[in-house]
Amino acid sequence: MNNQKQQKPTLSGQRFKTRKRDEKERFDPTQFQDCIIQGLNETGSDLEAVAKFLDASGAKLDYRRYAETLFDILVAGGMLAPGGTLADDMMHTDVCVFAAQEDLETMQAFAQVFNKLIRRYKYLEKGFEDEVKKLLLFLKGFSESERNKLAMLTGILLANGNLNASILNSLYNENLVKEGVSAAFAVKLFKSWINEKDINAVAASLRKVNMDNRLMELFPANKQSLEHFTKYFTDAGLKELSEYVRNQQSIGARKELQKELQEQMSRGDPFKDIILYVKEEMKKNNIHFMKAFQKIVVLFYKAEVLSEEPILKWYKDAHLAKGKSVFLEQMKKFVEWLKNAEEESESETEEGD
């Protein structure tokens, strides 16, 4: 028997190198930029022609790979360096947002260019949102006029659904907030957004991304008060936004009041302490208390702090003229339910007799 270990068969032969044309093209945004800028310069200021050029170019140029370069050019006229400056040694074009007229009509026309481009090439959606987030962080590097144009365009695109409201998180950058850039930008943005839709549509979009209660953060911590916010945006012509934020603050305060009462009851705190807490809150936040009155009474009723009899007696004759209509209107449905429940109970008692 042969004890020597048999060698395993091996494959041998010539190794072939990957041909150049089969290798993935090297990332080279400069050549892509030159093609786009040359085409834009040839179309001129006719934005319909610009939209057609971009539509056709997507079949020949790699938009997926060079999305950031494409959007840099369409907004700023060339590739942006960190901080938002244009490189001097690169080609530029005036067929862009920043070189256009600073008015709402022109920005609406540019919004249509972006809308058509993204609808045609759906894969650009995420790249476009990333681009806008980046541009917002670069705001300090742009002129006031450029910021105004970008704000108007962003508001229109938010209204049209081309952008998600989550991109506004970039405005909470500490440096932008500290220098007042965020608040000034927000004025132009919300004006164009509300102009396209209305405050209810804007509020719905903000709620979807949990930003409806963060608008106060557009200001530094020492200016994050309802009074400052209201004055700033009302003076800027955005009274509806000021009223919306005021309502949000009121709703938040009412929820906090209800939550605290529920926690006190679940802990089994003495009722005299709970009543004292309610009285103190009523003194501090009378408006919030008035709007939460019905929910507080229902909480007390469920916890058996209040019974039907004193509630019905109060509703009938034990209230003051001040705030009478507000309290009675709030309590109307609950009192009707109590009356019906009481009548049903009396009816069942009579039948049992």
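1. The model is predicted, so local features need pLDDT of at least 70 and side-chain atom pairs count only at pLDDT 80 or more, while totals for chains, interfaces and linings use all residues. Residues are numbered from 1 along each chain as its sequence is written, and side-chain values use heavy atoms, with hydrogens and water left out.

2. The model holds 2 cavities of 30 Å³ or more. A cavity is a set of points, on a 1 Å grid over the protein atoms alone, where a 1.4 Å probe fits but cannot get out; lining residues have an atom within 4 Å of a point. A volume is the space filled by probe spheres set on the points.

3. The largest cavity has a volume of about 50 Å³. Its lining consists of Leu168, Leu171, Tyr172, Phe190, Met211, Leu215 and Leu218. By class, these are 7 nonpolar, no polar and no charged residues (Ala, Val, Leu, Ile, Met, Phe, Trp, Tyr, Cys and Pro count as nonpolar, Asp, Glu, Lys and Arg as charged, and the others as polar).

4. The second largest cavity, of about 40 Å³, has Thr154 and Leu157 among its lining residues. Helix H6 (144-160) and helix H5 (124-137) each give two or more residues to this lining, and H6 gives the most, with 4 residues. Helices are DSSP runs (H or I, at least four residues), numbered from the N terminus.

5. Serine 192 lies in helix H8 (residues 181-196). Serine 192 counts as buried because its relative accessibility is 1%, where buried means under 20% (1.4 Å probe, protein chains only). Its side chain reaches the backbone oxygen of methionine 152 at 3.1 Å.

Note on methods:
1 Å grid on protein atoms, 1.4 Å probe; cavity = no way out; pocket = protein on both sides within 12 Å on 5 of 7 lines; lining within 4 Å. Buried < 20%, exposed > 50% of the residue type's maximum accessible area, 1.4 Å probe, protein only. Polar contact = N/O pair within 3.5 Å; in protein donor to acceptor, adjacent residues only side chain to side chain.
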